[in-house]
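Me: Could you walk me through the side-chain contacts in this one? I would like to go slowly.
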Amino acid sequence: MSNDVASLPPPPSGDAPWFVGKMEREKAEQFLKENGRQRDFLVRERTLKDGYYALSIRYHYSYKHFNIDPKPDGQYGMGVLVFPTIESIIQHYQQNSLFIVDNQHITLGQPVMRRTSKK
């Protein structure tokens, strides 16, 4: 079982409004702080693992990061769930709870890049 780059699924399209490319966690938090609102999110490639991603979301005055890991069959895992594409992860969590805070089910809002790219 090789986990080399050749066996990884293709990266998200550069046209995806939520994909910011390779970005460190701290820079993602700063970007969300400066440009995002409540529940805004982005997907970034993790800096220490090529082909591995993270979903970062702003929630009140904090940020949450969820790893998105490629699977050998070309799909992506996030937590215990597996999805065919990163876009399908986004669609799923825009309709379903990503996490719960004080009995509130939190879903994804808008990609932070969608608004800021119009400047």
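Me: Which residue forms a salt bridge with Asp69?
Reply: Arg46 does, with the closest N and O atoms 2.8 Å apart, where a salt bridge means a side-chain nitrogen of Lys or Arg within 4 Å of a carboxyl oxygen of Asp or Glu. Please keep in mind that this is a predicted model, in which local features need pLDDT of at least 70, side-chain atom pairs count only at pLDDT 80 or more, and totals for chains, interfaces and linings use all residues. Residues are numbered from 1 along each chain as its sequence is written, and side-chain values use heavy atoms, leaving out hydrogens and water.
Me: And why does the Arg46 and Asp69 pair tie together parts apart in sequence?
Reply: Arg46 lies in the loop between β2 and β3, while Asp69 is in strand β4 (residues 62–70), so the pair joins parts that are 23 residues apart in sequence; strands here are DSSP runs (E, at least two residues), numbered from the N terminus.
Me: Is Arg46 buried or exposed?
Reply: Arg46 is buried, with a relative accessible area of 16%, whereas Asp69, at 25%, counts as partly exposed. Buried means under 20% relative accessible area, exposed over 50%, and partly exposed in between, using a 1.4 Å probe and protein chains only.
Me: How many salt bridges are there by this rule?
Reply: The count comes to 2, and Lys22 with Asp50 is one of them, its closest N and O atoms being 2.5 Å apart.
Me: New topic: which ring does the charged end of Lys64 sit over?
Reply: That is the ring of Phe99, 5.2 Å from its centre, the rule being NZ of Lys or CZ of Arg within 6 Å of the ring centre and within 35 degrees of the ring normal.

Methods:
Helices (H or I, at least four residues) and strands (E, at least two) are DSSP runs, numbered from the N terminus.
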